[in-house]
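Here are my notes on the model you sent. Please read them with the structure open.

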Amino acid sequence: MTDALFARIVDRRDDLVALLQDLIRIPTRNPPGENYRDICELLERRLSASGFTCTLVRAEGAKGDSDAYPRWNIVARIEGPRPGPCVHFNSHTDVVTVGEGWTRDPFGAELDGDRVYGRGACDMKGGLAASIIAAEAFIAEHPDFAGSIEISGTADEESGGYGGVAYLAEKGWFDPERVQHVIIPEPLGTDQICLGHRGAWWAEIETHGRIAHGSMPFFGDCAVRHMGAVLNAFEADLFPAMAARHTQMPVIPDGARAATMNLNAIHGGERAREPGDTSLPACNVPDRCVLQVDRRVLVEEGVDAAADEIVKLLDGLKESRPGFDYEVREINRVIPSMTAEDAPVVTAVRAAMTDALGRDATFVASPGSYDQKHIDRIGRLKNCIAYGPGILELAHQPDEYIEVSDMLDATRVMGRTLERLLLD
């Protein structure tokens, strides 16, 4: 039974490559959120021909959605002839900006040996293509399967997922009454099961000052210097405290097992000059400075405690530093998510990996968040993991690629997982 399914998957190798190439050649860059409708229509044509009923869903009113850049998603479902659970494969269709340093066409989808190159090849159109081939091969081999299979292509994961999975979860698409198992084919490696991710707290910290003539700064109050005091306090107190905390979650790489914070952006005073502008800046003492922080939170810490720690540090500066005042504006928060090692979908994928690849799974957790957060928190569906082909370190890099052999391995594991979950 399994050998026959594997043979069907191997026979679809060229189809797998061609499907991935078609997906890459639609440049779904986010921001701003380009061509989401186009890629959903491609998936609709493909999956409708395979017997799926397809629904296109625009996330009207969600963050990022606009008439210029509508946030389109697709959910495709096929029912077996007998009752049973629903297995849902969710992949995001958006990709990040291209960036510098490419030696190949980022949307050319070039096949070179065992590699397909292009923006999104690894993160995560390769996983999307693998899930489609796995489902199609399984249905062809087992037309009498029990339950149902869903495949979704969703928007905006790279910018938080609010126009994609979060919207669908709010509308009930991930209700545990209609979906029982979710696999997200993020590029975590074919011998690893990702059980969840750390949390996050994004915020802007603004320090206040008083404008004055730059030749007489003593009549003003420099907001940039106040921000310097914030940075010094971070270096002296906050960063060492975070580095001393470690999680029991199997987060990869090892450095991400500690609490971390990235200083994402900073600006104070005069606006940066445009290229070619030869004018001189005005002579002003800056009256505001804004720092954007990206705090990654361990499950043992909690997001509220991580935010309160920063506010307490700022309050200490307000008490000790003359003229210091600040505001904090939360941009986003993500609650850590973790699926149990003995959850049904974990057990099925782990056994399928042994069957398909001859090796046991390694359990990992992601340093950054992905759409599991919305399925868990909004959808209230805990039986969710990430499993897919690709090398995580290649995500967002120039000359991003995925290996065809890696995709085939993941496709075999996904197909065998369907056998374990949907066959009596």
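1. A contact here means heavy atoms within 4.5 Å. Take the contacts in the protein chain with a separation of 6 or more: residues 24 or more positions apart account for 81% of them. Keep in mind that this is a predicted model.

2. Overall make-up. The protein chain holds ten helices and 16 strands. The C-alpha trace spans about 80 × 45 × 40 Å along its principal axes.

3. Burial and surface. Of the 424 residues, 55% count as buried. The protein chain exposes about 17,600 Å². Carbon and sulfur atoms supply 50% of that area.

4. Charge. There are 67 negative and 43 positive side chains in the protein chain. The centres of the two sets lie 2 Å apart.

5. Strand S11. How many of the ten residues of strand S11 are buried? Nine are, so this strand, residues 288-297, is largely enclosed by the rest of the structure.

6. Partners of S11. Strand S9 (residues 199-208) runs antiparallel to S11, and ten bridges join them. Within that pairing, Ala200 has Arg296 of S11 as its bridge partner. Strand S10 (residues 260-268) also pairs with S11 in the antiparallel sense, over eight bridges. There, Asn262 stands opposite Asp294 in S11.

Note on methods: Residues numbered from 1 in each chain as written. Predicted model: local features only at pLDDT ≥ 70, side-chain atom pairs only at ≥ 80, totals over all residues. Heavy atoms only, no water. Helix = DSSP H or I, 4+ residues; strand = E, 2+ residues; numbered from the N terminus. Buried < 20%, exposed > 50% of the residue type's maximum accessible area, 1.4 Å probe, protein only. Areas by Shrake-Rupley, 256 points an atom, 1.4 Å probe, with all protein chains shown as cover. Lys, Arg positive; Asp, Glu negative; His and termini not counted. Charge placed at Lys NZ, Arg CZ, Asp CG, Glu CD. Pairing = 2+ DSSP bridges.
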